[in-house]
Amino acid sequence: MSRYSVEDLVAEAARLAGLGVRALLVFGIPEEKDDEGTGAWDADGIVQRTLRAVRAEQPGLVLITDVCLCEYTSHGHCGVIRDGEVANDETLELLARTALSHVEAGADAVAPSDMMDGRVGVIRETLPETPIIAYAAKYASAFYGPFREVAESLPSFGDRRGYQMDSANVREALRECELDLAEGADVVMVKPAMPYLDVIRAVRERFDCPVAAYNVSGEYAMVKSAAAAGHLDERQAALESLAAIKRAGADVVVSYWTESLATWL
């Protein structure tokens, strides 16, 4: 849970590829943020430069990009703000522009994580052939804390409960997955993973498509902290956690444990 410069990430990508890691999910922090999040689709933006640099050195790595505005907006929300609220429809075009800029820079797949209604459809219209990994069931969770600190993406006012999901609701997750698939998603993702194993299972049983799960920063940090305090064995706890996510039905797991897993296995 740390940042890399473009040059450092190129070196890190080479090291990870040498360990057997086959894919990276790329996030970016711009030098400057603004109300519209314009750095997200800048052709010379941080993610776009990173994609070109890593692709040149590691052509075999699958490069996936997070598509959202929260890391680029001065207010930290995932969309444009109008009258104190996130303007869903106005945000869609900006997300599509961001996804297009990523693919033009070398992304193999895009992963919209913003939770705006209709964003998968707009991105699919813009990118008919690009795989879309949709954060379909993304909950308003306390487990994103370490990531938000590093990404400086904590909302400056309010919270994200207006567009992320209620933690007590499973049926809504199934509706969101159904909508994203109807709009053209290739993969649906549940986030977080460990507190939502039942949701992963429900999605797996309902839909005949690849299911992803995001083993998020807070889940990782809890195990790391407990292990550092001597309360549990880090490797065993991590392996149990990842096995539980797979057992629940995830075909793909996004995790901070990937590097360690590559060496353990």
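Contact is taken here to mean heavy atoms within 4.5 Å, and helices (H or I, at least four residues) and strands (E, at least two) are DSSP runs numbered from the N terminus. The structure is a predicted model, in which local features need pLDDT of at least 70 and side-chain atom pairs count only at pLDDT 80 or more, whereas totals for chains, interfaces and linings use all residues. Residues are numbered from 1 along each chain as its sequence is written, and side-chain values use heavy atoms, with hydrogens and water left out.

In helix H7, which spans residues 197-206, Val199, Ile200, Ala202 and Val203 are buried, where buried denotes under 20% relative accessible area, exposed over 50% and partly exposed the range in between (1.4 Å probe, protein chains only). These residues lie on the same side of H7, because they cover an arc of only 165 degrees around the axis, the arc being that of the directions from the helix axis to the C-beta atoms. The buried residues of H7 pack against strands S6 (133-138), S7 (187-191) and S8 (211-215), and also against helices H6 (171-183) and H9 (234-248).

The axes of H7 and H9 are 8 Å apart, and the two helices pack at an angle of about 30 degrees; axes are lines fitted to C-alpha atoms, for helices over the stretch in contact, with angles running from 0 to 180 degrees between N-to-C directions. H7 is therefore roughly parallel to H9, given that angles under 35 degrees count as roughly parallel, over 145 as roughly antiparallel, 65 to 115 as roughly perpendicular and the rest as oblique. On the H7 side Leu197, Ile200, Arg201 and Arg204 take part, meeting Ala244, Ile245, Arg247 and Ala248 in H9. The residues of this contact comprise five nonpolar, no polar and three charged, with Ala, Val, Leu, Ile, Met, Phe, Trp, Tyr, Cys and Pro counted as nonpolar, Asp, Glu, Lys and Arg as charged, and the others, Gly among them, as polar.

In helix H4 (residues 119-126), the buried residues are Arg119, Val120, Gly121, Ile123 and Arg124, and their cover includes S2, helix H3 (88-105), strand S5 (109-112), S6 and H6.

Thr73, located in the loop between strand S2 (62-67) and strand S3 (81-82), is buried at a relative accessible area of 1%. Apart from its neighbours within four places in sequence, Thr73 is in contact with Lys33, Asp34, Asp35, Glu36 and Gly37.

The structure holds zero disulfides, a disulfide being a pair of cysteine sulfur atoms within 2.5 Å. For Cys209, which is in no disulfide, the nearest cysteine sulfur is that of Cys177, 7.1 Å away. Cys209 is buried, with a relative accessible area of 10%, and Cys68 likewise counts as buried, at 2% relative accessibility.
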